[in-house]
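Dear colleague,

Please find the structure below.

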Amino acid sequence: MDGDVDIGAYKVKSAHPSILGVIEQRKNIKERLSKIKHKIGIYSAKGGVGKTTVSVNIAYALSSMGYKVGLLDADIDCPNVTMFLGIKDIFESNYPLKPVVKEGVEVLSTAMFVDDTRTPIVWRGPMIGKMVREFFENSEWGELDYLILDMPPGTSDSPLSIIQLLELDGFVLVTTPQRIASVNTIRSGVMAKRLGVALLGVVETMSDGKPKGAQDVADTLKCEVLGVVKENKKFGELSDRGEIPVLSDPEIMKEFNGIISKLVNT
Ligand SMILES: Nc1ncnc2c1ncn2[C@@H]1O[C@H](COP(=O)(O)OP(=O)(O)OP(=O)(O)O)[C@@H](O)[C@H]1O
Ligand SMILES: [Mg+2]
């Protein structure tokens, strides 16, 4: 094939049928998500650093500012968003996948397919890729200013499929102060950069107030520290009750308003 073939993150000289398949899938998904202005992934390769916490609270802080917001639980095999929000809805029929509206935010999660929190979703790589694609191709979102994606940890199948299939505005990276977290968060940032996804900045959770892990990530990857979220046991207590921290605590809302004020200006 003559000339460059543009598949978003990559430009290739000639295209194998499998690559053409991905181009077609990206096109379908782009049309499906065409009513969404901005798509932002909340990401770190490290598990347990606060990705879901940051996703939920950024989504509701944006919504409180008057933006129309969707929250997609892109942690396909270990979905947590519905528990954090106290959503118990289960899809009666499979398609199309209509988000559940909770306090004004449209929410969609694979947890809505499984009516038992003890059931693990066990899939090999190709199934994960297929599931991610079906999830995006069959979801029906309203007109949104922002879609926030709670990304899975790791740098393999799930995050790769999402990066390959979706045109994201970029990633907000999440780390804790610890070096082990920042090192693994840097790994995810390097992967994102290599695949052409912008880094919108980094948030430090469970912080003492002064960015340490986030500064490490920002200095290494040449991106901005968007803000810190202080260590606060209210996060665990509220999330366990399905309550939304930014809507329950003005101090937490202040922290997230600081973060999103930088995000909406990027
Ligand atoms: N600032 C904070 N202070 C105290 N606890 C926090 C804070 N942020 C998050 N947590 C707690 O840390 C735990 C892990 O957070 P969370 O589930 O958001 O991480 P994650 O990165 O999404 O994890 P996973 O990789 O498993 O998806 C939760 O119990 C959450 O309540
Ligand atoms: Mg999570």
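How many bridges join strand β3 to β7, and do the strands run parallel or antiparallel? Strand β3 (residues 36–43) and β7 are joined by 6 bridges and run parallel. Two strands count as paired if DSSP finds at least two bridges between them.

Before going further, please note that this is a predicted model, in which local features need pLDDT of at least 70 and side-chain atom pairs count only at pLDDT 80 or more, while totals for chains, interfaces and linings use all residues. Residues are numbered from 1 along each chain as its sequence is written, and chains are lettered from A and ligands numbered from 1 in the order in which they are written.

The protein chain has 10 helices and 10 strands; these are DSSP runs numbered from the N terminus, helices being H or I of at least four residues and strands E of at least two. Of its 266 residues, 44% count as buried, a term that requires 20 or more other C-beta atoms within 10 Å of the residue's own, with C-beta atoms placed from the backbone.

Strand β7 (residues 144–150) is mostly covered, with 6 of its 7 residues buried. Strand β4 (residues 69–73) also runs parallel to β7, through 5 bridges. Leu149 in β7 stands opposite Gly41 and is also the bridge partner of Leu72.

The largest nonpolar core has 64 residues. Such a core is a set of buried Ala, Val, Leu, Ile, Met, Phe, Trp, Tyr and Cys residues joined through C-beta atoms within 7 Å. Ile58, Ile148 and Val172 have the most contacts inside this core, and α2 gives the most to it, with 7 residues. Beyond its neighbours within four places in sequence, Ile148 is in contact (C-beta atoms, placed from the backbone, within 7 Å) with residues including Ile40, Ile58 and Leu71.

Helix α5 (residues 157–165) is largely enclosed by the rest of the structure, because 7 of its 9 residues are buried. Among them are Asp157, Pro159 and Leu165.

Finally, 18 residues surround ligand 1, the closest being Gly47, Gly50, Lys51, Thr52 and Thr53; a residue is near the ligand if its C-beta atom, placed from the backbone, lies within 6 Å of it. At least two residues of this shell come from each of α2 (51–64), β9 (199–207) and α8 (234–240).

Yours sincerely

Definitions and conventions
Buried ≥ 20, exposed ≤ 12 C-beta atoms within 10 Å, placed from the backbone. Contact = placed C-beta atoms within 7 Å.
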